[in-house]
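Take a look at the model below. We will go through it region by region.

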Amino acid sequence: MDNLSNTDGNYDLGYQPSPCSTEHNDQSTTETPGYSTMSGDSFLYCRTYSGTSAISEPVDDHSCCSEASPSHCPARRSGGQKLAVLTRLGTKQCKSNVDEKLDELDSLDLELEMMKERFSKLLLGEDMSGSGKGVCTAVTISNAITNLYATVFGQNLRLEPLNPEKKVLWKREMDCLLSVCDYIVEFAPTKSQDLRNGTAVEIMESRPRSDIYINLPALRKLDAMLIEILDSFQDREFWYAEQGSMSSNSSRTGSFRRVVQRNDEKWWVPVPCIPPSGLSEKTRKHLRHKRECANQIHKAAMSINSSVLSEMEIPDSYMASLPKSGRASIGDAIYRFMYAAEKFSPEYLLDCLNISSEHEALELADRVEASMYTWRRKAGISHSKSSWSMMKDLMSDVDRNDKNHILAERSETLLFALKQRYPELSQTSLDTCKIQYNRDVGQAILESYSRVLEGLAFNIVAWIDDVFFVDSSA
């Protein structure tokens with residue numbers, strides 16, 4: 001009984017007596033299940049005592065305890081602690097995985113709602129009342145691409161990589177809007193097939209429309225190149241500051257930036273700042289290379305835009321608004337120079353006009369374009385570009401000497417020279433009218449996509465020129 005009382009006292013303290021020592025004291029303790037060293041009561045302080053534990057080994061209450069070790073129970077306690085820690089870690093990992101899945105589902109739901117909103121606006125023609133008074137699908141998509149460009153690049157007024165979120169937004173939204181082109185096809189005969197009765201038939205297969213097949217991959221390539229140019233200015237020697245303020249990074253060089261005087265119409269553009277010693281030759285070389293790339297991209301995008309606009313149908317409302325006389329449109333001075341000169345030089349004429357602002361250049365472009373279509377109409381030629389080119393090839397020498405034909409050709413060359421001299425010229429009244437009344441979805445996508453890329457490329461060239469100007473003034 002004393003031994004049993006001592007044993008119970010030890011159990012109360014959480015101490016597990018050695019099975020060997022109890023065997024020497026009293027053989028009956030090994031035969032009594034209630035006081036067996038391997039019984040459930042003796043494991044009250046052992047964390048592995050659990051009917052659902054996968055780590056603890058099965059224990060028989062009537063098994064021999066001579067094989068047990070005094071350190072057996074502490075070893076089990078240690079294993080139990082590890083199991084509990086692993087269990088808690090597993091719970092945390094499961095919880096984090098669930099949270100990540102919920103976040104992914106939330107982001108997918110958000111993107112799905114955004115896509116629903118986009119396509120709803122496209123179907124409604126931007127008329128939220130649903131009364132059918134909205135614009136056509138072509139104009140809606142054109143406006144969507146223009147607004148997306150303003151959202152992504154509108155606040156990006158410096159040579160620096162695009163914000164990652166805005167870059168993802170631009171790619172995702174443009175992929176969505178351009179996906180319409182995958183379903184704009186044309187049917188063309190590809191091969192002939194002989195039937196069983198010997199009749200030869202042509203098989204028509206669908207393929208992407210020729211203008212989309214040629215221009216859309218080129219525009220995507222130009223888009224990627226412009227993003228790459230902006231990404232190349234991650235590490236740069238120059239920085240930016242708002243107009244009239246000191247650079248936030250000027251403390252690193254211990255000097256103030258050189259203030260660049262801008263025109264009033266560009267007060268919102270931040271001013272580039274350079275170190276006191278100027279830019280390194282490596283940076284200058286990099287800037288020159290990127291400027292040349294952006295300039296070539298600008299020319300390519302402008303060429304595609306002009307080609308698409310020229311193929312758009314001229315609205316009847318524009319033709320109805322033309323003056324009866326081309327001379328009244330361009331003025332007597334320009335008319336006499338265009339008609340009287342034996343060899344017409346548009347460059348010399350532009351030099352004589354002394355155009356001082358973009359507004360004057362745009363006004364002249366509108367008047368020259370209007371006179372060109374007035375003379376074409378008098379010559380009895382359709383106002384589409386393709387028909388005009390075909391008619392010029394089929395015209396006889398007598399027709400080529402016609403006054404209206406000569407003036408129409410010279411006004412066309414003058415308009416081309418004007419746009420070449422002022423590449424940043426805004427869209428003319430005819431271009432705006434074409435975009436407004438256009439019903440061709442493919443042409444609307446190509447025109448708006450090329451127009452926004454043309455604007456971005458032009459801005460990059462202007463930003464690089466600003467850096468060169470500050471460097472040359474240092």
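Contact here means heavy atoms within 4.5 Å. The model is predicted.

Start with Glu424. Glu424 lies in the loop between α15 (403-421) and α16 (429-437). Leaving aside residues up to four places away in sequence, Glu424 touches Glu358 and Phe458. Another glutamate to look at is Glu454. Glu424 and Glu454 are separated by 30 residues in sequence, yet their C-alpha atoms are 9.3 Å apart in space.

Now turn to helix α10, residues 332-340. The buried residues of α10 are Ile334, Tyr335 and Met338. These three sit on the same side of α10, because they cover an arc of only 100° around the axis. What do the buried residues of α10 pack against? Their partners are α9 (326-330), α11 (346-353), α12 (358-378) and α15. The face turned away from the buried side carries the exposed residues Ala333 and Ala340.

Last comes a helix pair. Two packed helices are described by the angle between their axes and the distance between the axes. Helix α7 (residues 281-311) packs with helix α17 (residues 441-473) at an angle of about 155°. Their axes are 8 Å apart. Angles over 145 degrees count as roughly antiparallel, and α7 and α17 are therefore roughly antiparallel to each other. The crossing of the two, α7 and α17, is left-handed. Which kinds of residues make up the contact of α7 with α17? The contact has 17 nonpolar, five polar and 10 charged residues.

How values were computed
Residues numbered from 1 in each chain as written. Predicted model: local features only at pLDDT ≥ 70, side-chain atom pairs only at ≥ 80, totals over all residues. Heavy atoms only, no water. Axes fitted to C-alpha atoms, helices over the stretch in contact; angles between N-to-C directions. Helix = DSSP H or I, 4+ residues; strand = E, 2+ residues; numbered from the N terminus. Parallel < 35°, antiparallel > 145°, perpendicular 65-115°, else oblique. Left-handed = near helix turned anticlockwise from the far one by under 90°. Nonpolar A, V, L, I, M, F, W, Y, C, P; charged D, E, K, R; others polar. Buried < 20%, exposed > 50% of the residue type's maximum accessible area, 1.4 Å probe, protein only. Arc of directions from axis to C-beta.
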